[in-house]
Amino acid sequence: MIYQNKENTPFIDQEVVFHQALQHGVNHLRDNWFKENVGIVAATLVEDGKFFSATSFCMPDNRWVHAEAAALQQFENQFGRKPKPSSALVVTLSPCYLESNSRSGASCTQKIVDSSIKQVRFGCLDIKQTPDIALYKQIGLDAKFIGDQSMQISCQALYALFDKLYSPDGIFHDLLNTHQNPWSEIKRIIGLEPFQK
Ligand SMILES: [Zn+2]
């Protein structure tokens, strides 16, 4: 979407592009929702206005490749290079910052810093992984919450699923003991509910 600024020079409103990128990621996650090993987070890499979306996914060793890492890796596999530093990552959930046993490799925050990308937007803040949003700024990331009402509903609903599985009083907590892949079972039960407005 192109706007005119005061000097009448066309420029692209990046925040509008970020909203579109978030929607693109959510759509991509919905389209792949029932595939084996697909998780519940989506990331969209934005380079020169083009969108490249990926979902989190589970490896054969049961560790997770987070959506941001998947997007960065898929981009590099497809183009044989890293994305430009002017690119952005737009994620349904804020990039992880702390240690995690279930994650494959370094934190997404670290991987984004290593990629030279500075701009990050997210639809929901994961307070368990990033207790303070100022942490992003301290390591040089321009990471902000996207205040899009319609998307927040999906992003919040997706994030809420983590609690429903991992909290001891979560409604799906028992599935951790009874199912090898509890997310597949949860998706079978709830269907596309997190994407419905
Ligand atoms: Zn992560």
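Tyr166 counts as partly exposed because 14 C-beta neighbours lie inside 10 Å; here a residue is buried if 20 or more other C-beta atoms lie within 10 Å of its own, exposed if 12 or fewer, and partly exposed in between, with C-beta atoms placed from the backbone. Tyr166 sits in helix H5 (residues 149-166).

A word on the ground rules. This is a predicted model, in which local features need pLDDT of at least 70 and side-chain atom pairs count only at pLDDT 80 or more, while totals for chains, interfaces and linings use all residues. Residues are numbered from 1 along each chain as its sequence is written.

Now for the overall picture. The chain holds seven helices and eight strands; helices (H or I, at least four residues) and strands (E, at least two) are DSSP runs, numbered from the N terminus. A compact globule of 197 residues would have a radius of gyration near 16 Å, and the chain agrees with its 17 Å. That radius is taken over C-alpha atoms, and the globule rule is 2.2 Å times the number of residues to the power 0.38. Along its principal axes, the C-alpha trace spans about 60 × 35 × 35 Å. Of the 197 residues, 34% are buried. Two residues are in contact if their C-beta atoms, placed from the backbone, lie within 7 Å. Of the contacts between residues at least 6 apart in sequence, 59% join residues at least 24 apart.

Next comes the sheet. Six strands form an open sheet with mixed pairing, in the order E5-E4-E3-E6-E7-E8, where two strands pair if DSSP finds at least two bridges between them. E5 and strand E8 (142-145) are the edges, each pairing on one side only. E7 and E8 run in the parallel sense over four bridges, and Gln119 has Asp142 in E8 as its bridge partner. Helix H1 (residues 14-32) lies across E3, E4, E6 and E7, at about 145° to E3. Axes are lines fitted to C-alpha atoms, for helices over the stretch in contact, and angles run from 0 to 180 degrees between N-to-C directions.

What about the inside? The largest nonpolar core has 41 residues, of which Ala43, Ala67, Ala71, Leu89, Val90 and Val91 touch the most other members. Strand E3 (residues 38-47) gives the most to this core, with six residues. Such a core is a set of buried Ala, Val, Leu, Ile, Met, Phe, Trp, Tyr and Cys residues joined through C-beta atoms within 7 Å. Leaving out residues up to four places away in sequence, Leu89 touches Ala43, Leu45, Glu68, Ala71, Ile112, Ile117 and Val120.

Thr92 is in the loop between strand E6 (88-91) and H3, and is buried because 29 other C-beta atoms lie within 10 Å. Beyond its neighbours within four places in sequence, its contacts include Gly25, Leu29, Val41, Gly123 and Cys155. The C-alpha atoms of Thr92 and Val41 are 6.0 Å apart, although 51 residues separate the pair along the chain.

Most residues other than glycine have a negative phi. Asn62, not a glycine, has a positive phi of about 75°. Asn62 lies in the loop between strand E4 (50-58) and strand E5 (64-65), and is exposed because it has 11 C-beta neighbours inside 10 Å. Ser116, also not a glycine, has a positive phi of about 80°. Its loop runs between helix H3 (108-115) and strand E7 (119-122), and Ser116 is partly exposed, with 13 other C-beta atoms within 10 Å.
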